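Please open the model in your viewer and keep the sequence panel beside it.

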Amino acid sequence: MQYPCIDIGAGSIDLSGHSLVVNATPLGMNDVDLLPMDVSRTVPETFVGEYLEFFGFPATTPEHLRALSKK
């Protein structure tokens, strides 16, 4: 395990208090789907990630994403 001190797991749909959120499910893809989490509970500092390739976007690097998030 690369980062043994990081607590990773599935839990509540309440995102308050989380600084990183990644949706790794297809939930929310259809108009009738509910989102798998309550996005209204995020704050501007929360980084919300998705898998770009799943949505037809080209892959990118962590460095590129960090640079974009600082703009």
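The model is a predicted one, in which local features need pLDDT of at least 70 and side-chain atom pairs count only at pLDDT 80 or more, while totals for chains, interfaces and linings use all residues. Residues are numbered from 1 along each chain as its sequence is written, and side-chain values use heavy atoms, with hydrogens and water left out.

**The whole chain**

Begin with a cartoon view, where the secondary structure comes to one helix and two strands, running β-β-α from the N terminus on. The C-alpha atoms fill a box of roughly 35 × 30 × 30 Å along the principal axes. Of the 71 residues, 8% are buried, where buried means under 20% relative accessible area, exposed means over 50% and partly exposed lies in between, with a 1.4 Å probe and protein chains only.

**Strand β1**

Select L20, which lies in strand β1, and which counts as exposed because its relative accessibility is 54%. Its C-alpha atom is separated by 11 Å from that of I8, 12 residues apart along the chain.

The C-alpha atoms of V21 and G49 are 28 residues apart along the chain and are separated by 6.2 Å.

**A nonpolar patch**

Show the surface and colour L20, V22, F47, Y51, L65 and L68, which together make a nonpolar surface patch of about 550 Å². Two or more residues of this patch are given by each of β1 and α1. Patches are made of residues with over 30% relative accessible area and no salt bridge, like charges being joined within 9 Å and nonpolar side chains (Val, Leu, Ile, Met, Phe, Trp, Tyr) within 5 Å. A salt bridge is a side-chain nitrogen of Lys or Arg within 4 Å of a carboxyl oxygen of Asp or Glu, and accessible areas come from the Shrake-Rupley method with a 1.4 Å probe, only the protein chains shown counting as cover for residues.

**Two pockets**

A pocket is an open set of points on a 1 Å grid over the protein atoms alone, where a 1.4 Å probe fits and protein lies on both sides within 12 Å along at least five of seven lines; lining residues have an atom within 4 Å of a point. Grid points are joined across faces, edges and corners, and a volume is the space filled by probe spheres set on the points.

Select G9, H18, L20, V21 and V22, which lie nearest the centre of the largest pocket among its 21 lining residues. This pocket holds about 760 Å³ of space, and its lining divides into 12 nonpolar, seven polar and two charged residues; Ala, Val, Leu, Ile, Met, Phe, Trp, Tyr, Cys and Pro count as nonpolar, Asp, Glu, Lys and Arg as charged, and the others, Gly among them, as polar.

For the second largest pocket, of about 440 Å³, select F47, G49, E50, P62 and L65, the closest to its centre of the 15 residues that line it. At least two lining residues come from each of β1 (20–22), β2 (47–49) and α1 (62–69), and α1 gives the largest share, four residues. Nine of the lining residues are nonpolar, three polar and three charged.

**The loop between the strands**

Finish at R41, in the loop between β1 and β2, which counts as partly exposed at 38% relative accessibility. R41 and L15 are 26 residues apart in sequence, yet 5.5 Å apart in space, C-alpha to C-alpha.
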